[in-house]
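The following paragraphs lead the reader through a single protein model. Please keep the sequence and the structure in view while reading.

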Amino acid sequence: MGVETPRVAALAAVEVVNPDMPCTLDAAALVQMNRRNQIKGCVIDGPLALDNALSEEAARHKGVVSEVAGHADVLLVPDIEAGNLLGKVILFMANGAGAGVVLGAKVPVVLTSRGDTARTKALSIALGAVLAKT
């Protein structure tokens with residue numbers, strides 16, 4: 001996608017590890033794995049609340065010091081429900097563009113929804129084709 005070293009924000013409702021919130025523990029584990037070079041090619045930080053991931057000002061206000069905070073290229077959501085909600089907010093309320101592709105198989109799998117627009121479906125196919133060539 002043109003970002004040499006993407007900044008990945010492992011999202012949660014809060015920006016501190018809380019043993020009662022499993023997604024904060026997962027985020028901390030991913031950060032540690034990234035630091036140990038077990039996850040390569042990116043910089044991961046978390047847990048980060050959505051505002052911290054996207055806004056330098058919010059991160060500064062909350063005292064979050066991170067090279068990802070306010071500069072996230074990738075938003076890693078804790079579960080499918082959060083991802084579905086975030087994606088639909090971006091598409092329908094913020095007039096964003098979207099494309100659905102699943103990676104990890106031999107080739108990218110184009111993933112669209114029944115409610116997707118023709119534009120979203122076309123962008124998904126285009127993204128899958130581009131990623132298949134890399």
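A search of the whole structure finds zero disulfides, a disulfide being a pair of cysteine sulfur atoms within 2.5 Å. Cys42, for its part, is in no disulfide. Its relative accessibility is 17%, so Cys42 counts as buried; buried means under 20% relative accessible area, exposed over 50%, and partly exposed in between, with a 1.4 Å probe and protein chains only.

The model is predicted: local features need pLDDT of at least 70 and side-chain atom pairs count only at pLDDT 80 or more, whereas totals for chains, interfaces and linings use all residues. Residues are numbered from 1 along each chain as its sequence is written, and side-chain values use heavy atoms, with hydrogens and water left out.

The overall architecture comes next. The protein chain has five helices and five strands, where helices (H or I, at least four residues) and strands (E, at least two) are DSSP runs numbered from the N terminus. Read from the N terminus, the elements follow the order β-α-β-α-α-β-α-β-β-α. The radius of gyration of the protein chain is 16 Å, close to the 14 Å that the globule rule gives for 134 residues, so the chain is as compact as a globular protein of that length. This radius is taken over C-alpha atoms, and the globule rule is 2.2 Å times the number of residues to the power 0.38. The C-alpha trace spans about 40 × 35 × 25 Å along its principal axes.

Of the 134 residues in the protein chain, 26% are buried.

Where in the fold does Ala69 lie? Ala69 is placed in the loop between helix H3 (56-62) and strand E3 (74-76). With a relative accessible area of 5%, Ala69 is buried. Leaving aside residues up to four places away in sequence, Ala69 touches Leu48, Asn52, Ala53, Glu56, Ala59 and Val64. Gln38, by comparison, is 31 residues from Ala69 in sequence and 21 Å from Ala69 in space, C-alpha to C-alpha.

Several backbone features deserve attention. The peptide bond from Gly46 to Pro47 is cis, with omega near 5°, and Pro47 has its place in strand E2 (residues 43-48). Two asparagines have positive phi values. Phi of Asn37 is near 70°, a positive value in a residue other than glycine; Asn37 is in the loop between helix H1 (22-35) and E2. Phi of Asn95 is near 55°, again a positive value in a residue other than glycine, and Asn95 is found in the loop between helix H4 (80-93) and strand E4 (101-102).

Are these two asparagines buried or exposed? Asn37 counts as partly exposed because its relative accessibility is 45%, whereas Asn95 is exposed, with a relative accessible area of 68%.

Key
Contact means heavy atoms within 4.5 Å.
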